[in-house]
Amino acid sequence: VEFSYPPLKPGEGHDSHSLPEEWKYLPFLALPDGAHNYQEDTVFFHLPPRYGDQTTVYGVSCYRQIEAKALKVRQADITRETVQKSVCVLCQLPLYGLLQAKLQLITHAYFEEKDFSQISILKELYDHMNSSLGSTLLEGSQVYLGLSPRDLVLHFRHKVLILFKLILLEKKVLFYISPVNRLVGALMTVLSLFPGMIEHGLTDCSQYRPRKSISEDAGLQENTPRFDYVSVSAADTSNTNSGRGKGGRNMAGNHLLESQKANTLFSQSEKTYNGSQSSNGAVQRLKVPSRASPVSSESDWETLDPSILEDSNLKGERENTASEQAEDLLSKGVSSESLPITVQPQANTGHTVFVPGLISGLEEDQYGMPLAIFTKGYLCLPYMALQQHHLLSDVTVRGFVAGATNILFRQQKHLSDAIVEIEDAHVQIHDPELRKILNPTTADLRFADYLVKHVTENRDDVFLDGTGWEGGDEWIRAQFSAYLHALLAAVLQPDNEKTLSDFGTAFVAAWKNTHNYRVWNSNKHPALAEVNSSHPFQGQYSVSDVKLRLSHSVQNSERGKKIGNVMVSTSRNVVQTGKAVGQSVGGAFTSAKSAMSSWFSTFTQSTQSLGD
């Protein structure tokens, strides 16, 4: 790291090269593998919080390269013909696309200066972001800027639902493609299909420890102050961003602009992600699971112990609080009718009220969304550097959704449950039993076909591309929201075997064993009583379903792919053979015809001469 503003470590200068131990992988994330193969690109990544009571740090990095001879001022450390540098923002708000848009402009302007010592533009960006970005942006559609479910459905088609279910089951899912921007874009777009996930569901998604180094002093960490960047008062933190930086790697610099937006989801001056505020303004602390020790793999990282949920005192307190929250939501005008859940759900109006979840520690809406998937050691790492490879087999990591551009990740298949090859839209699931669980039901196939048809039918509309309602990005997210709400409502119904079979009996059974289901089921969600508790595409089996099933089988199974390839090659050969046969038959016929004409004319002439 060549430069950071404010300094990454308190008491050190802006040009300090030292990194906090928790962020030792920062340079490798900001300037990813294979960056030299592209003139410019953007990467999203997640960093662990510096201290246990803080949340995920969201990183966006834009990198470019420039020929050294084009620089007006060539510094002593520039020894190669090409210079690579990266400008990076670290933020407490998951505004990936918005940060990317701002950062790309600044990175371009910074490189146009052709003098990397001109850092004033980076400081100006830091001040601008602090003044213009706030937690209110999480309530609108700007949080989804640059994430297109429409493009995802066009590329993966019905497999999008398989990806959705894989993550619901908290499996180890690895996304793979290069360049990195396509990787992080596809991965975060899949997550955007989960209601509230981008906005509030990733606050605990990067709770990992880097490999311990000899220099690390465990005792020192226990005595460090809570605020890790600059010493500011609690009142100041509500309006203060922390950090911007610039860094280097392998003689090709890596500019890390770090802008950590202070969390303002709560009005009180002290951060209380895991607390709620009573009417008199006092902060009520809620008991949440403690962090795992870096040297231990005890049950802190294991899935939630069901016995905790059955504690009568906690259960009584939970029910009272849940009912109070429901009444509070109704009193604020958020009735169950404001978000009708049908096959044609409405767009998110932005008036959803989020309250702290009692068990999950996440901000939840009246339906218990977002689900507590990325908690308790289930990681979300949009981009993983090769230096983080050990996390895939770490005993404190129970699962992950991660992205990689290095082929070494893809080759070690035993470390993941599924590998998603984005280039070919191929979802490779290693376990036959898991493949069976994720095999879509007839109702699921109808749902996926419904999405694909609406997206492809509106594909050529240049005026409404991606912005229209039906087949647009918001519409697709609304469909998945309706699907998930229907699944949750169906689970709550008595005698629901027939209803759940539409979602997949084996899938639902597996899902009920996950951490996110147990956390969700531990609270009451009265709003779901108004939701239709059946699959959005339930119905009688028909001929069109047979076609759908056949199409799915051919596209997905190895045998089906082989048959499909054989059919394509056979038809091609038939066409080519037909042409060849036509040419030879036609040629033979022409030759025979000319020979017959010649013989006939000869015969006629000889007959005439005989007559004479």
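A: Here is a short chat about the fold, a few helices and some backbone details.

Q: Great. What kind of model is this, to begin with?
A: It is a predicted model, so please read what follows with that in mind.

Q: How many helices and strands are in the protein chain?
A: The protein chain has 20 helices and 17 strands.

Q: And what share of the residues is buried?
A: Of the 612 residues in the protein chain, 51% are buried.

Q: What about contacts between residues that are apart in sequence?
A: Take the contacts between residues at least 6 apart in sequence: 71% of them join residues at least 24 apart.

Q: Let's pick a helix. Where is helix 14, and how many residues does it have?
A: Helix 14 covers residues 442-457, which gives 16 residues. From its first C-alpha to its last it reaches 22 Å, close to the 22 Å expected at 1.5 Å a residue.

Q: Is helix 14 mostly covered or mostly open, and how many of its residues are buried?
A: Mostly covered: twelve of the 16 residues in helix 14 are buried. Among them are Asp444, Arg446, Phe447, Tyr450 and His454.

Q: What is Asp444 in contact with, leaving aside its neighbours within four places in sequence?
A: The partners of Asp444 are Leu161, Lys165, Tyr483, Asp502, Phe503 and His535.

Q: How many residues apart in sequence are Asp444 and Leu161?
A: They are 283 residues apart in sequence, yet their C-alpha atoms are 7.9 Å apart in space.

Q: Which way does helix 4 pack on helix 14: what is the angle?
A: Helix 4, residues 149-156, packs with helix 14 at an angle of about 110°, and their axes are 10 Å apart. Helix 4 is therefore roughly perpendicular to helix 14.

Q: Which residues meet there?
A: From helix 4 you have Arg150, Val153 and Leu154, and from helix 14 Leu451, Val452, Val455 and Thr456. Sorted by class, this contact of helix 4 with helix 14 has five nonpolar, one polar and one charged residues.

Q: New topic: helix 2 and helix 3. How far apart are their axes?
A: The axes are 11 Å apart, and helix 2 (residues 96-112) packs with helix 3 (residues 120-132) at an angle of about 160°. That angle makes helix 2 roughly antiparallel to helix 3.

Q: Is the crossing of helix 2 and helix 3 left-handed or right-handed?
A: The crossing is right-handed. On the helix 2 side, the contact is made by Leu99, Lys102, Leu103, Ile106, Ala109 and Tyr110. Helix 3 brings Ile121, Leu122, Leu125, His128, Met129 and Ser132. By class, the contact of helix 2 with helix 3 has nine nonpolar, two polar and one charged residues.

Q: Which residues of helix 3 are buried?
A: Ile121, Leu122, Leu125, Tyr126, Met129 and Asn130 are buried in helix 3.

Q: And how does the span of helix 3 fit what 13 residues should give?
A: It agrees: at 1.5 Å a residue, 13 residues should span 18 Å, and the end C-alpha atoms of helix 3 are 18 Å apart.

Q: Okay, over to Leu163. Where does Leu163 lie?
A: Leu163 lies in helix 5, residues 159-168. Leu163 is buried, with a relative accessible area of 1%. Leaving aside its neighbours within four places in sequence, Leu163 is in contact with Phe156, Val190, Val420 and Val427.

Q: What about phi: which residue has a positive phi although it is not a glycine?
A: Glu170 is one of these, with a phi of about 55°. Glu170 lies in the loop between helix 5 and strand 5, and at 9% relative accessibility Glu170 counts as buried. Lys376 also has a positive phi of about 55°. Its place is the loop between strand 13 (363-364) and strand 14 (378-381), and Lys376 is buried, with a relative accessible area of 12%.

Terms used. Residues are numbered from 1 along each chain as its sequence is written. This is a predicted model: local features need pLDDT of at least 70, side-chain atom pairs count only at pLDDT 80 or more; totals for chains, interfaces and linings use all residues. Side-chain values use heavy atoms; hydrogens and water are left out. Helices (H or I, at least four residues) and strands (E, at least two) are DSSP runs, numbered from the N terminus. The expected span of a helix is 1.5 Å times one less than its number of residues. Buried means under 20% relative accessible area, exposed over 50%, partly exposed in between (1.4 Å probe, protein chains only). Axes are lines fitted to C-alpha atoms, for helices over the stretch in contact, and angles run from 0 to 180 degrees between N-to-C directions. Angles under 35 degrees count as roughly parallel, over 145 as roughly antiparallel, 65 to 115 as roughly perpendicular and the rest as oblique. A crossing is left-handed if the near helix is turned anticlockwise from the far one by less than a right angle, and right-handed if clockwise. Contact means heavy atoms within 4.5 Å. Ala, Val, Leu, Ile, Met, Phe, Trp, Tyr, Cys and Pro count as nonpolar, Asp, Glu, Lys and Arg as charged, and the others, Gly among them, as polar.
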